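Let's take a guided walk through this structure together. Have the sequence and the 3D view open, and turn the view as we go.

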Amino acid sequence: MSMVPFIPDSAPFTAEQRAWLNGFLAGLLSRSEPAPAPIPAVEAGQPILFLYGSQSGTAESLAKQFHKQAVAKGFASRVVGMDELEAHALAAEKNVLIITSTWGEGEMPDNAAYFWEALNQNGSSPALTGLNYSVLALGDMNYADTFCFAGKMLDEKFEELGANRVHPRIDCDVDYDEPAERWKNGVFSALSDSKTDEAFSTSALAVLPGHGEEVEPTTASFSKKNPFPATLLVNEMLTSSESAKDTRHFAFSIEGSDLEYEAGDALGVFPHNCPDVVDTVLEAKGLDGHIEVPTPAGTRLPLREALIHYYEIRSLLGDNEKTTLSPAEFVEELRRLQPRLYSIASSPKAHPGEVHLCVDIVRYEQNETLHKGVASTYLAERLPVGDTTGIFFQTAKHFRPPSDPNLPMIMVGPGTGIAPFRAFLEEREATAALGRNWLFFGAQHRSSDFFYENQLTAWLKSGHLTRLDLAFSRDQEEKLYVQHLMEVNAEEFWSWLEAGAHFYVCGDASRMAKDVDRALHTIIETAGHRSPEEAARYVAEMKKQKRYARDVY
Ligand SMILES: Cc1cc2nc3c(=O)[nH]c(=O)nc-3n(C[C@H](O)[C@H](O)[C@H](O)COP(=O)(O)OP(=O)(O)OC[C@H]3O[C@@H](n4cnc5c(N)ncnc54)[C@H](O)[C@@H]3O)c2cc1C
Ligand SMILES: NC(=O)c1ccc[n+]([C@@H]2O[C@H](COP(=O)([O-])OP(=O)(O)OC[C@H]3O[C@@H](n4cnc5c(N)ncnc54)[C@H](OP(=O)(O)O)[C@@H]3O)[C@@H](O)[C@H]2O)c1
Ligand SMILES: Cc1cc2nc3c(=O)[nH]c(=O)nc-3n(C[C@H](O)[C@H](O)[C@H](O)COP(=O)(O)O)c2cc1C
């Protein structure tokens, strides 16, 4: 297709100057990156190890996707999580490509914690001289002070230990597709150019027992990039009208999608903004919602519709400065509306063709204005039962019921943290797993906030739940939290740990998960008669054995 040039032939420039200016302006207008240089042919067997740190599965999926592309390009590629590789085994590697997210407040994802510790052992950290590496850091600009911290720390540490950075680190905000692709093309080119190929030995990789390279099957055609339109089947309140909270059970049909999930995975939901909020923004900014603008999907829509479906507008609330921008320029400045993740509350064995969620509906007042969480109120208020919304599955391989059905499991899930444990318990019931099950649940009041009461008490009665400890925080003078009940039952808790129990935590990351972690250490110190250092080592060993897994947000 021929393009109309920006600089006409009649303009007072030489042909060369015209060509350069036309190219430059075309590049500026499309705002696209220059086409990547073609990747040279790969010398046979050039090894790559993709090493991922991932909490909720995004970095893991990317690493696996890039690994497959590397294999297709002729690299001898492998992919492992950071919890599957001893740091000292890096010495035997040649090219390591790190993909990691950041969690908590600038922390490593759980599966990277032990690896990171090993890199930081004074006097015994591995020497990485001769190792080629590059880092792709996933993060979220909303965490401005700790943006992509884990990736930054790993990048610096590898350099400090003598490794050779073959491509600059790329830090990604939530829209990571384009920068991640750019990083992948860059590292593939850099490694293809390398002429230092050596025989590749799989024995060089020290993989921890029980874990090896696994590549997920890619049979499903629906994905985050091509979400499945799932029909909402159920929208049911789990809290009663007296509750201060509005927490709901949602069920979606995934019939006809070919999609599969496992207990422990998360569901991504693509929300729409509230039309009232969009109208408030349009009025405050003095913009006409009827004017058509381009959308990130490559279509054109009236501005109002485009804002409902595609753009993050929460940050604009309360900003009443009239905009001097055209509608098209206005949307160009906005971040793309992101899907929200929810821990799945069902086992596919118990509910074939369905996926269930347990969602706290976010509503709060600030500056005398009622704020509504985009996705949670979309599900609760604006998506009628029978309508569809875009969904995808986020695999969480680290968060599964014990693979040995005879091992006990202890689950701590206050509030919506109950979600994956309903799924775990359904899964263990459906598979007739014999291991003992102990659940700690907490909420504000027994009378109004005891989610899934009938199902949980029936399981307790049938013996499927060996123990159910309930911390209703506001039913007495003093706050009662799940970690208090853990400590009250320290002796028994310790005996379960010593029997090989897997320990799981789900729910609030900012306070609950930290307090529960502290309680775990206290129990090991008191009931297990360990010093604080020994308790820390015991917990580190549990993580290494994948007996301590968290799904916190
Ligand atoms: C792996 C994972 C699993 C998750 N699982 C679940 C789950 O099972 N159930 C569940 O309910 N959620 C879960 N979440 C959280 C969920 O993804 C959303 O973040 C949550 O529903 C809020 O999204 P929203 O679009 O409704 O709110 P948003 O529009 O994103 O607004 C939320 C923001 O509002 C602000 N805010 C909220 N409350 C207040 C307040 N009281 N005062 C001031 N500001 C406030 C905060 O800035 C907060 O970040 C999970 C998150 C992750 C990452
Ligand atoms: N930004 C915030 O301030 C804030 C606060 C709460 C929840 N959240 C978020 O709201 C979402 C959903 O909340 P939710 O309904 O699942 O649960 P939740 O609001 O976290 O509450 C569930 C139960 O946990 C208790 N709890 C509070 N602090 C705790 C702690 N440090 N240790 C153990 N238990 C504690 C609560 O008690 P009390 O309420 O009586 O203290 C309540 O009984 C989560 O994403 C969570 O992160 C945010
Ligand atoms: C509870 C929580 C804490 C997070 N903390 C940070 C942070 O401190 N800095 C940052 O850049 N991103 C942070 N993120 C964003 C994640 O790094 C980002 O969503 C990433 O894509 C997740 O990848 P994963 O699924 O592989 O773990 C946080 C996300 C959550 C849910």
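This is a predicted model: local features need pLDDT of at least 70, side-chain atom pairs count only at pLDDT 80 or more; totals for chains, interfaces and linings use all residues.

Residues are numbered from 1 along each chain as its sequence is written, chains are lettered from A and ligands numbered from 1 in the order in which they are written, and side-chain values use heavy atoms, with hydrogens and water left out.

Let's begin with the helices. Two packed helices are described by the angle between their axes and the distance between the axes. Here the axes are lines fitted to C-alpha atoms, for helices over the stretch in contact, and angles run from 0 to 180 degrees between N-to-C directions. Helices (H or I, at least four residues) are DSSP runs, numbered from the N terminus.

Helix α2, residues 58-72, packs against helix α5, residues 177-193, at an angle of about 40°, and their axes are 12 Å apart. The two are therefore oblique to each other; angles under 35 degrees count as roughly parallel, over 145 as roughly antiparallel, 65 to 115 as roughly perpendicular and the rest as oblique. α2 passes α5 in a right-handed crossing, meaning that the near helix is turned clockwise from the far one by less than a right angle. On the α2 side, L62, F66, Q69 and A70 take part, and they meet A180, E181, W183, K184 and F188 in α5 (contact means heavy atoms within 4.5 Å). By class, this contact has six nonpolar, one polar and two charged residues; Ala, Val, Leu, Ile, Met, Phe, Trp, Tyr, Cys and Pro count as nonpolar, Asp, Glu, Lys and Arg as charged, and the others, Gly among them, as polar.

Now find helix α6 (residues 275-285) and helix α7 (residues 303-310), which pack at an angle of about 125° with their axes 10 Å apart. That angle makes α6 oblique to α7, and the crossing is right-handed. P275, V278, D279 and L282 of α6 meet L303, R304, L307 and I308 of α7.

Next come the ligands. Which residues come nearest to ligand 1? Of the 20 around it, they are L341, Y342, V374, A375 and S376 (a residue is near a molecule if one of its heavy atoms lies within 4 Å of it).

Ligand 2 is surrounded by 18 residues, and T416, S473, R474, K479 and Y481 are the closest. The side chain of R474 places an N or O atom 2.7 Å from an oxygen atom of ligand 2.

Finally, 20 residues surround ligand 3, with S54, S56, T58, A59 and T102 the closest. A backbone N or O atom of Q55 lies 2.8 Å from an oxygen atom of ligand 3.

Methods: A polar contact is a pair of N or O atoms within 3.5 Å; within protein, one must be able to donate a hydrogen and the other to accept it, and residues adjacent in sequence count only if both atoms are side-chain atoms.
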